[in-house]
Amino acid sequence: MTSKNTLPAPFDGSQSPVVEPLTTELNAVLANIEAFESDRGAYSEQTWRALVNVWGQWAAWCVRNRVAQLPVQPESLRNYLEELSTRLASNSISTHAALIAMVEKNAGLIPATASPTVQRVLKKIRRNAVENGETIGQAIPLRRDHIKMLMMVWNDKTSLTQARNLAFLSVAFHTLLRISEMSRLVVGDLDVNPDGTGLLYVARTKTNLSGDGEYKYLSKWCVDLIRHWLMLAELTNEPRQPMFCRVNKYNKAMPSGKPMTTDGLRTIFSAGWGALNKNGELGEAGERYQTWTGHSSRVGAAQDMAASNVAQPLIMEAGGWRDAKTVQRYIRKQAAAEGAMFKMMQDYFD
């Protein structure tokens, strides 16, 4: 368990932890950790990478402070979270706590986050953040009109890069898929209807692991963009090839049978942002997000649905959101603009 994608051993033999290691249960804890790692396929690549990153930071902190990584002691975790609060946003600190608890649960231990002392410090961190004016960052929305604008800017019908990028961003917007889910799409997942619209089969998502899959609706203009890209890339008759692949500097598609990396797909979002924002047409980026990211199409689609009076449960279903608060955070500006005060005051001075 020493590679960058594995969890560090619960105890560093070169250190003497303040808390005595578990004796009779230590072997069981280690066995549980190894079983957890062997089943890492149950989690997305992004989740596992975040887990390993957070646990590595916790492990390094424990070594510096000469305390045990496992079992996590509530007082140690409290001190760690308070130290994080000097440099991280409250949401990031909550993520650290949740991922550490995830390791504990899978090790067969009771998470330290269940302790009142840890719950209090998390509550204090959140309260202080609000009082200090901290707001939850949100990806810059990629809206339907933005894609229409890109269709006018990226108008070179022979450019494979432009054709791929337009098709990709359109699919991302229509389906609200996460970037890792987009990477798994293959050419054969597209089913074109007689009227030119389409259905896209999605085998699995973060919230649907049943194996039954689901279908996403695609408008005619989205299908047209996909078909144009597949024709230029000579992928139309390659049903098992990933739907999106690299394009080399000679304007040639480079299908390899393997999905593009998530980093490669993220560059498509930033390329779109740059194409439309050369002169600041889209406004200034926020502190956290400087460009469109893999989440931008989900945020923008949710906002466009809300603006079209789509019911919130349907928006949640479309994006695979389980927490209504997430959707409410994305559409709160629309809700304010069309809320009770707006309805009362809109004709007051007419």
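Is Ile226 buried or exposed, and what is its relative accessibility? At 0% relative accessibility, Ile226 is buried, where buried means under 20% relative accessible area, exposed over 50% and partly exposed in between (1.4 Å probe, protein chains only). The legends below describe a predicted model, in which local features need pLDDT of at least 70 and side-chain atom pairs count only at pLDDT 80 or more, while totals for chains, interfaces and linings use all residues. Residues are numbered from 1 along each chain as its sequence is written, and side-chain values use heavy atoms, with hydrogens and water left out.

**Figure 1. Overview of the protein.** The protein has 14 helices and 5 strands; these are DSSP runs numbered from the N terminus, helices being H or I of at least four residues and strands E of at least two. Of the 350 residues, 43% are buried. Among contacts (heavy atoms within 4.5 Å) with a separation of 6 or more, 63% are between residues 24 or more positions apart.

**Figure 2. Surroundings of Ile226.** Ile226 belongs to helix H9, residues 220-232. Leaving aside residues up to four places away in sequence, Ile226 touches Ala167, Val171, Leu190, Leu218 and Met243. Val187 lies 39 residues from Ile226 in sequence, with a C-alpha to C-alpha distance of 9.5 Å.

**Figure 3. The three-stranded sheet.** The strands of this open sheet follow the order S1-S2-S3 with antiparallel pairing; two strands pair if DSSP finds at least two bridges between them. Strand S1 (190-192) and strand S3 (214-218) are the edge strands, each pairing on one side only. On average, and with direction ignored, neighbouring strands are turned by 25° against each other. Helix H7 (residues 160-175) packs on the sheet and touches S2 and S3, and the direction of H7 makes about 115° with that of S3. Axes are lines fitted to C-alpha atoms, for helices over the stretch in contact, and angles run from 0 to 180 degrees between N-to-C directions.

**Figure 4. Strand S2 and its partners.** Strands of a sheet pair through backbone hydrogen bonds, either parallel or antiparallel. S1 and S2 (residues 198-202) are antiparallel over 3 bridges, and Leu200 in S2 is the bridge partner of Leu190. The two strands form a hairpin with 5 residues between them, and Gly196 in the turn has a positive phi of about 95°. S2 and S3 are also paired in the antiparallel sense, over 5 bridges, with Gly198 opposite Leu218 in S3. In a regular strand the side chains alternate between the two faces of the sheet. In S2, Gly198, Leu200 and Val202 form the covered face, whereas Leu199 and Tyr201 form the uncovered one.

Figure 5. The buried residues of H3 (residues 74-84) are Ser76, Leu77, Arg78, Tyr80, Leu81 and Leu84. Their cover includes helix H2 (45-65), helix H4 (90-106) and helix H5 (116-131). Two packed helices are described by the angle between their axes and the distance between the axes. For H3 and H4 the angle is about 150° and the axes are 10 Å apart; the two helices are therefore roughly antiparallel, given that angles under 35 degrees count as roughly parallel, over 145 as roughly antiparallel, 65 to 115 as roughly perpendicular and the rest as oblique. Leu77, Tyr80, Leu81 and Leu84 of H3 meet Ile93, His96, Ala97 and Ile100 of H4. This contact consists of 7 nonpolar residues, 1 polar and no charged; Ala, Val, Leu, Ile, Met, Phe, Trp, Tyr, Cys and Pro count as nonpolar, Asp, Glu, Lys and Arg as charged, and the others, Gly among them, as polar.

**Figure 6. Packing of helix H2 on helix H3.** H2 and H3 pack at about 110°, with their axes 11 Å apart, an angle that makes H2 roughly perpendicular to H3. Val54, Gln57, Trp58, Trp61 and Arg64 of H2 meet Ser76, Leu77, Asn79, Tyr80 and Glu83 of H3. The contact residues divide into 5 nonpolar, 3 polar and 2 charged. In the loop between H2 and H3 lies Pro71, joined to Leu70 by a cis peptide bond with omega of about -5°.

**Figure 7. Two asparagines with positive phi.** Asn251, in the loop between strand S4 (246-247) and strand S5 (253-254), has a phi near 65° and is partly exposed, at 35% relative accessible area. Asn309, in the loop between helix H11 (296-307) and helix H12 (312-319), has a phi near 65° and is exposed, at 64% relative accessibility.
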